[in-house]
Amino acid sequence: MKIIGVDLNKCIRCEECIKECPSKLYRKEETNDQEGPKIVFDDEFNACILCGHCIAICPRNAIMWDKEIDDNLWEFEEIKDPSKIIDINNLMKFIRSRRSIRRFQNKKVPKEKIELILEAMRYAPSASNLQDWNYTVITDPDKIKYFQKQIMKSFYFFRTILKFKNIFRFFVFGYKKKFLTDPKTKKFVDDLIRSYEMGIDRIFYNAPCIIVLDLPKYGGMEGNNAGIAITHGMLAAQSLGLGTCWIGFAQEAIKRDAKLRQWIGIKNNRVCQGVLIIGYPAIRFLRAPPREKLKIKWL
Ligand SMILES: Cc1cc2nc3c(=O)[nH]c(=O)nc-3n(C[C@H](O)[C@H](O)[C@H](O)COP(=O)(O)O)c2cc1C
(Lines give C-alpha, C1' and ligand atoms only; values in the text may rest on other atoms or scores of the structure.)
Protein backbone atom coordinates (compact mmCIF):
# COMPACT_ATOMS: atom_id res chain seq x y z
CA MET A 1 0.00 0.00 0.00
CA LYS A 2 1.11 3.57 -0.67
CA ILE A 3 -0.57 6.86 0.19
CA ILE A 4 -0.96 8.91 -2.98
CA GLY A 5 -2.39 12.11 -1.60
CA VAL A 6 -5.54 13.98 -0.68
CA ASP A 7 -8.59 14.12 -2.92
CA LEU A 8 -9.19 17.87 -2.84
CA ASN A 9 -12.73 17.44 -4.16
CA LYS A 10 -13.60 15.60 -0.95
CA CYS A 11 -11.26 17.31 1.52
CA ILE A 12 -12.92 19.81 3.88
CA ARG A 13 -9.58 21.06 5.29
CA CYS A 14 -10.37 19.85 8.79
CA GLU A 15 -6.66 19.07 9.23
CA GLU A 16 -7.31 15.84 11.10
CA CYS A 17 -4.74 14.09 8.87
CA ILE A 18 -2.15 16.72 9.79
CA LYS A 19 -2.83 16.20 13.50
CA GLU A 20 -2.94 12.41 13.33
CA CYS A 21 -0.03 11.47 11.05
CA PRO A 22 2.75 10.07 13.33
CA SER A 23 5.39 10.91 10.73
CA LYS A 24 4.01 14.44 10.17
CA LEU A 25 3.77 14.07 6.40
CA TYR A 26 0.68 16.20 5.85
CA ARG A 27 0.85 19.98 5.70
CA LYS A 28 -1.18 22.99 4.72
CA GLU A 29 -0.17 24.76 1.55
CA GLU A 30 -1.31 28.26 0.73
CA THR A 31 -3.16 28.70 -2.57
CA ASN A 32 -4.86 31.55 -4.35
CA ASP A 33 -8.08 29.51 -4.43
CA GLN A 34 -11.22 30.69 -2.72
CA GLU A 35 -11.22 27.57 -0.54
CA GLY A 36 -8.02 28.71 1.14
CA PRO A 37 -5.02 26.54 1.93
CA LYS A 38 -5.04 22.98 0.65
CA ILE A 39 -3.79 19.90 2.46
CA VAL A 40 -0.91 18.11 0.82
CA PHE A 41 0.78 14.82 1.54
CA ASP A 42 4.51 15.31 1.25
CA ASP A 43 6.69 12.23 1.64
CA GLU A 44 9.96 13.21 0.03
CA PHE A 45 11.98 10.71 2.05
CA ASN A 46 9.56 7.82 1.93
CA ALA A 47 8.95 8.07 5.66
CA CYS A 48 5.31 6.99 5.61
CA ILE A 49 4.90 3.87 7.74
CA LEU A 50 1.54 3.13 6.11
CA CYS A 51 -0.23 2.99 9.44
CA GLY A 52 -3.42 4.17 7.73
CA HIS A 53 -4.39 6.51 10.56
CA CYS A 54 -5.05 9.27 8.02
CA ILE A 55 -7.44 6.97 6.16
CA ALA A 56 -9.07 5.93 9.40
CA ILE A 57 -9.64 9.45 10.67
CA CYS A 58 -10.66 11.42 7.57
CA PRO A 59 -14.35 12.37 7.89
CA ARG A 60 -14.71 12.51 4.08
CA ASN A 61 -12.63 9.48 3.14
CA ALA A 62 -10.49 11.85 1.10
CA ILE A 63 -7.14 10.10 1.49
CA MET A 64 -6.13 8.33 -1.69
CA TRP A 65 -3.95 5.26 -1.68
CA ASP A 66 -3.00 2.79 -4.35
CA LYS A 67 -5.12 -0.28 -4.44
CA GLU A 68 -2.24 -2.69 -4.19
CA ILE A 69 -3.90 -4.22 -1.18
CA ASP A 70 -7.22 -5.60 -2.28
CA ASP A 71 -9.02 -4.78 0.92
CA ASN A 72 -12.30 -3.24 1.90
CA LEU A 73 -12.24 -0.42 4.37
CA TRP A 74 -13.70 -1.53 7.62
CA GLU A 75 -16.37 0.95 8.48
CA PHE A 76 -18.63 0.11 11.35
CA GLU A 77 -20.49 2.28 13.81
CA GLU A 78 -18.74 0.91 16.92
CA ILE A 79 -15.29 2.03 15.73
CA LYS A 80 -16.20 5.54 16.85
CA ASP A 81 -16.24 4.35 20.45
CA PRO A 82 -14.46 0.99 20.83
CA SER A 83 -15.11 1.02 24.58
CA LYS A 84 -18.70 0.09 23.73
CA ILE A 85 -17.72 -3.09 21.86
CA ILE A 86 -16.67 -5.18 24.87
CA ASP A 87 -17.13 -4.03 28.42
CA ILE A 88 -14.18 -4.43 30.76
CA ASN A 89 -15.81 -7.16 32.87
CA ASN A 90 -16.38 -9.34 29.85
CA LEU A 91 -12.94 -8.56 28.51
CA MET A 92 -11.29 -9.50 31.81
CA LYS A 93 -13.28 -12.74 31.91
CA PHE A 94 -12.19 -13.46 28.36
CA ILE A 95 -8.53 -12.74 29.15
CA ARG A 96 -8.58 -14.74 32.36
CA SER A 97 -10.21 -17.66 30.54
CA ARG A 98 -7.42 -17.98 28.02
CA ARG A 99 -5.39 -21.06 28.78
CA SER A 100 -2.68 -22.90 26.94
CA ILE A 101 -4.48 -25.95 25.64
CA ARG A 102 -2.61 -29.25 25.56
CA ARG A 103 -5.51 -31.66 25.01
CA PHE A 104 -7.39 -31.51 21.76
CA GLN A 105 -10.37 -33.22 20.18
CA ASN A 106 -9.66 -35.30 17.13
CA LYS A 107 -11.34 -32.73 14.91
CA LYS A 108 -9.97 -30.58 12.10
CA VAL A 109 -10.10 -26.80 12.29
CA PRO A 110 -12.07 -25.41 9.31
CA LYS A 111 -9.98 -23.29 6.95
CA GLU A 112 -12.33 -20.31 7.39
CA LYS A 113 -11.58 -20.28 11.12
CA ILE A 114 -7.83 -20.43 10.53
CA GLU A 115 -8.22 -17.52 8.12
CA LEU A 116 -10.11 -15.50 10.74
CA ILE A 117 -7.32 -16.14 13.26
CA LEU A 118 -4.75 -14.97 10.71
CA GLU A 119 -6.88 -11.91 10.00
CA ALA A 120 -6.78 -11.03 13.71
CA MET A 121 -2.99 -11.45 13.64
CA ARG A 122 -2.87 -9.13 10.64
CA TYR A 123 -4.34 -6.33 12.72
CA ALA A 124 -1.71 -6.59 15.47
CA PRO A 125 0.49 -3.55 16.04
CA SER A 126 4.11 -3.74 14.90
CA ALA A 127 7.14 -1.50 15.34
CA SER A 128 7.10 1.16 12.60
CA ASN A 129 4.05 -0.66 11.29
CA LEU A 130 6.38 -3.17 9.62
CA GLN A 131 3.73 -5.92 9.34
CA ASP A 132 6.45 -8.21 8.04
CA TRP A 133 5.13 -11.44 9.49
CA ASN A 134 5.03 -14.51 7.26
CA TYR A 135 2.80 -17.36 8.31
CA THR A 136 3.08 -21.02 7.40
CA VAL A 137 0.01 -23.08 8.18
CA ILE A 138 0.44 -26.84 8.60
CA THR A 139 -2.63 -29.06 8.85
CA ASP A 140 -1.54 -32.25 7.09
CA PRO A 141 -1.15 -34.91 9.85
CA ASP A 142 1.83 -36.51 8.07
CA LYS A 143 3.61 -33.17 7.87
CA ILE A 144 2.89 -32.47 11.54
CA LYS A 145 4.36 -35.89 12.37
CA TYR A 146 7.47 -35.10 10.32
CA PHE A 147 7.76 -31.72 12.05
CA GLN A 148 7.54 -33.39 15.46
CA LYS A 149 10.13 -35.99 14.46
CA GLN A 150 12.57 -33.29 13.39
CA ILE A 151 12.12 -31.43 16.68
CA MET A 152 12.65 -34.64 18.64
CA LYS A 153 15.97 -35.11 16.83
CA SER A 154 17.20 -31.97 18.57
CA PHE A 155 16.16 -33.44 21.92
CA TYR A 156 18.05 -36.68 21.17
CA PHE A 157 21.07 -34.55 20.36
CA PHE A 158 20.60 -32.58 23.55
CA ARG A 159 20.40 -35.83 25.54
CA THR A 160 23.85 -36.71 24.23
CA ILE A 161 25.13 -33.30 25.31
CA LEU A 162 23.63 -33.85 28.75
CA LYS A 163 25.61 -37.11 29.05
CA PHE A 164 28.76 -35.01 28.83
CA LYS A 165 27.47 -32.06 30.80
CA ASN A 166 30.45 -32.20 33.15
CA ILE A 167 32.63 -31.27 30.20
CA PHE A 168 30.22 -28.90 28.42
CA ARG A 169 29.50 -26.93 31.57
CA PHE A 170 32.91 -25.28 31.25
CA PHE A 171 31.91 -23.79 27.89
CA VAL A 172 28.58 -22.23 28.85
CA PHE A 173 27.72 -19.48 31.29
CA GLY A 174 24.91 -17.91 33.24
CA TYR A 175 21.42 -19.14 32.47
CA LYS A 176 22.68 -21.75 29.98
CA LYS A 177 25.04 -23.27 32.54
CA LYS A 178 22.26 -23.43 35.12
CA PHE A 179 19.93 -25.06 32.58
CA LEU A 180 22.57 -27.61 31.52
CA THR A 181 23.48 -28.68 35.02
CA ASP A 182 20.02 -28.56 36.61
CA PRO A 183 18.97 -32.21 37.27
CA LYS A 184 15.42 -31.39 36.22
CA THR A 185 16.64 -30.66 32.68
CA LYS A 186 17.86 -34.24 32.28
CA LYS A 187 14.67 -35.64 33.78
CA PHE A 188 12.57 -33.51 31.44
CA VAL A 189 14.50 -34.55 28.33
CA ASP A 190 14.47 -38.23 29.32
CA ASP A 191 10.70 -38.08 29.97
CA LEU A 192 10.07 -36.30 26.70
CA ILE A 193 12.02 -38.90 24.70
CA ARG A 194 10.33 -41.75 26.56
CA SER A 195 6.88 -40.29 25.78
CA TYR A 196 7.83 -39.83 22.13
CA GLU A 197 8.93 -43.44 21.88
CA MET A 198 5.58 -44.47 23.37
CA GLY A 199 3.79 -42.48 20.64
CA ILE A 200 2.75 -39.59 22.90
CA ASP A 201 3.03 -36.17 21.29
CA ARG A 202 4.34 -33.76 23.91
CA ILE A 203 5.49 -31.23 21.36
CA PHE A 204 2.28 -30.46 19.45
CA TYR A 205 -0.14 -32.40 21.67
CA ASN A 206 -1.86 -33.89 18.60
CA ALA A 207 -3.14 -30.45 17.58
CA PRO A 208 -4.60 -30.49 14.07
CA CYS A 209 -3.22 -27.11 13.06
CA ILE A 210 0.13 -25.36 13.48
CA ILE A 211 0.97 -21.81 12.51
CA VAL A 212 4.65 -20.90 12.20
CA LEU A 213 5.49 -17.20 12.21
CA ASP A 214 8.70 -15.84 10.75
CA LEU A 215 9.94 -12.30 10.22
CA PRO A 216 13.13 -10.56 9.14
CA LYS A 217 16.15 -10.51 11.44
CA TYR A 218 16.41 -6.85 12.30
CA GLY A 219 18.07 -7.43 15.63
CA GLY A 220 15.69 -5.70 17.97
CA MET A 221 11.98 -5.93 18.04
CA GLU A 222 11.16 -9.06 16.09
CA GLY A 223 10.22 -10.91 19.28
CA ASN A 224 7.83 -8.14 20.28
CA ASN A 225 6.22 -8.00 16.85
CA ALA A 226 5.79 -11.77 16.85
CA GLY A 227 4.45 -11.90 20.39
CA ILE A 228 1.69 -9.42 19.84
CA ALA A 229 0.59 -11.09 16.58
CA ILE A 230 0.47 -14.51 18.23
CA THR A 231 -1.51 -13.04 21.13
CA HIS A 232 -4.07 -11.59 18.73
CA GLY A 233 -4.35 -15.03 17.16
CA MET A 234 -4.79 -16.74 20.52
CA LEU A 235 -7.63 -14.43 21.51
CA ALA A 236 -9.34 -14.71 18.13
CA ALA A 237 -9.09 -18.50 18.33
CA GLN A 238 -10.65 -18.47 21.78
CA SER A 239 -13.62 -16.50 20.54
CA LEU A 240 -14.07 -19.12 17.80
CA GLY A 241 -14.27 -21.93 20.37
CA LEU A 242 -10.70 -23.01 19.68
CA GLY A 243 -7.76 -23.55 22.01
CA THR A 244 -4.14 -22.62 21.39
CA CYS A 245 -0.69 -23.07 22.84
CA TRP A 246 2.54 -21.31 21.96
CA ILE A 247 5.19 -23.94 21.29
CA GLY A 248 8.55 -22.48 22.23
CA PHE A 249 10.24 -25.87 21.77
CA ALA A 250 9.32 -25.87 18.11
CA GLN A 251 10.39 -22.26 17.70
CA GLU A 252 13.82 -22.95 19.18
CA ALA A 253 14.26 -26.14 17.15
CA ILE A 254 13.47 -24.22 13.95
CA LYS A 255 16.04 -21.57 14.84
CA ARG A 256 18.72 -24.25 15.24
CA ASP A 257 17.83 -26.57 12.38
CA ALA A 258 18.57 -25.33 8.85
CA LYS A 259 16.88 -28.39 7.33
CA LEU A 260 13.67 -27.61 9.21
CA ARG A 261 13.84 -23.97 8.12
CA GLN A 262 14.25 -25.06 4.54
CA TRP A 263 11.33 -27.46 4.86
CA ILE A 264 9.09 -24.68 6.19
CA GLY A 265 10.49 -22.21 3.66
CA ILE A 266 12.06 -19.68 6.04
CA LYS A 267 14.69 -17.70 4.19
CA ASN A 268 18.17 -17.08 5.64
CA ASN A 269 17.48 -13.43 6.42
CA ARG A 270 14.36 -14.34 8.43
CA VAL A 271 13.82 -15.95 11.80
CA CYS A 272 11.05 -18.02 13.36
CA GLN A 273 9.68 -16.16 16.38
CA GLY A 274 6.48 -18.00 17.10
CA VAL A 275 4.77 -21.36 16.71
CA LEU A 276 1.11 -21.65 17.62
CA ILE A 277 -0.92 -24.82 17.78
CA ILE A 278 -4.67 -24.63 17.33
CA GLY A 279 -7.48 -27.12 17.82
CA TYR A 280 -10.76 -27.80 19.56
CA PRO A 281 -10.09 -28.19 23.29
CA ALA A 282 -10.83 -31.58 24.82
CA ILE A 283 -10.82 -29.95 28.25
CA ARG A 284 -12.94 -27.49 30.15
CA PHE A 285 -11.35 -25.38 32.86
CA LEU A 286 -13.49 -24.51 35.84
CA ARG A 287 -11.61 -21.51 37.15
CA ALA A 288 -8.75 -19.21 36.26
CA PRO A 289 -5.48 -20.18 37.96
CA PRO A 290 -3.79 -17.83 40.42
CA ARG A 291 -1.17 -15.49 39.07
CA GLU A 292 1.81 -13.73 40.63
CA LYS A 293 1.09 -10.46 42.33
CA LEU A 294 1.74 -7.49 40.09
CA LYS A 295 5.06 -5.86 40.74
CA ILE A 296 4.46 -2.20 40.06
CA LYS A 297 6.43 0.87 40.77
CA TRP A 298 4.57 4.14 40.29
CA LEU A 299 7.26 6.60 39.41
C1 LIG B 1 6.96 -17.89 24.47
C2 LIG B 1 6.19 -19.06 25.01
C3 LIG B 1 6.65 -20.35 24.76
C4 LIG B 1 5.94 -21.44 25.24
N5 LIG B 1 6.35 -22.70 24.92
C6 LIG B 1 5.62 -23.77 25.31
C7 LIG B 1 5.98 -25.09 24.87
O8 LIG B 1 6.96 -25.30 24.16
N9 LIG B 1 5.21 -26.13 25.29
C10 LIG B 1 4.11 -25.94 26.09
O11 LIG B 1 3.44 -26.92 26.43
N12 LIG B 1 3.74 -24.69 26.49
C13 LIG B 1 4.45 -23.61 26.11
N14 LIG B 1 4.05 -22.34 26.47
C15 LIG B 1 2.86 -22.16 27.32
C16 LIG B 1 3.21 -21.71 28.74
O17 LIG B 1 3.71 -22.80 29.45
C18 LIG B 1 1.93 -21.14 29.37
O19 LIG B 1 1.59 -19.95 28.71
C20 LIG B 1 2.09 -20.84 30.85
O21 LIG B 1 2.34 -22.01 31.58
C22 LIG B 1 0.83 -20.16 31.44
O23 LIG B 1 -0.32 -20.94 31.22
P24 LIG B 1 -1.56 -20.33 30.44
O25 LIG B 1 -1.09 -19.97 29.05
O26 LIG B 1 -2.60 -21.40 30.41
O27 LIG B 1 -2.02 -19.10 31.17
C28 LIG B 1 4.76 -21.24 26.02
C29 LIG B 1 4.30 -19.93 26.25
C30 LIG B 1 5.00 -18.86 25.75
C31 LIG B 1 4.45 -17.47 25.98
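Predicted model: local features only at pLDDT ≥ 70, side-chain atom pairs only at ≥ 80, totals over all residues.
Colleague: Into which domains is the protein divided?
Modeller: The division gives domain 1 (1-75), domain 2 (95-140 + 203-279) and domain 3 (143-193); the bounds come from an automatic or database domain assignment.

Colleague: How far apart are the centres of domain 2 and domain 3?
Modeller: Their C-alpha centres lie 24 Å apart. The contact (heavy atoms within 4.5 Å) takes 19 residues from domain 2 and 13 residues from domain 3.

Colleague: Turning to the sheet, what is the strand order?
Modeller: Four strands make an open sheet in the order 5-6-8-7, with antiparallel pairing. Strands (E, at least two residues) and helices (H or I, at least four) are DSSP runs numbered from the N terminus, and two strands pair if DSSP finds at least two bridges between them.

Colleague: Which strands are at the edges?
Modeller: Strand 5 (134-138) and strand 7 (243-246) are the edge strands, each pairing on one side only. Strand 5 pairs with strand 6 (residues 209-216) over five bridges in the antiparallel sense, and Val137 stands opposite Ile211 in strand 6.

Colleague: Which helices lie across these strands?
Modeller: Helix 5 (residues 141-163) lies across strand 5 and strand 6, at about 60° to strand 6. Helix 10 (residues 248-256) lies across strand 6, strand 7 and strand 8 (270-279), at about 150° to strand 8. Axes are lines fitted to C-alpha atoms, for helices over the stretch in contact, and angles run from 0 to 180 degrees between N-to-C directions.

Colleague: Now the pockets. What is the volume of the largest pocket?
Modeller: About 2,300 Å³. A pocket is an open set of points on a 1 Å grid over the protein atoms alone, where a 1.4 Å probe fits, with protein on both sides within 12 Å along at least five of seven lines; lining residues have an atom within 4 Å of a point. Grid points are joined across faces, edges and corners, and the volume is the space filled by probe spheres set on them.

Colleague: Why does the largest pocket lie between domain 1 and domain 2?
Modeller: Because both domains give residues to its lining. The largest pocket is lined by 45 residues, with Trp74, Phe76, Ile79, Tyr123 and Ala124 nearest its centre.

Colleague: And which helix gives the most to the lining of the second largest pocket?
Modeller: Helix 5, with seven residues. The second largest pocket has a volume of about 840 Å³, and its lining draws at least three residues from each of domain 2 and domain 3.

How values were computed:
Residues numbered from 1 in each chain as written. Heavy atoms only, no water.
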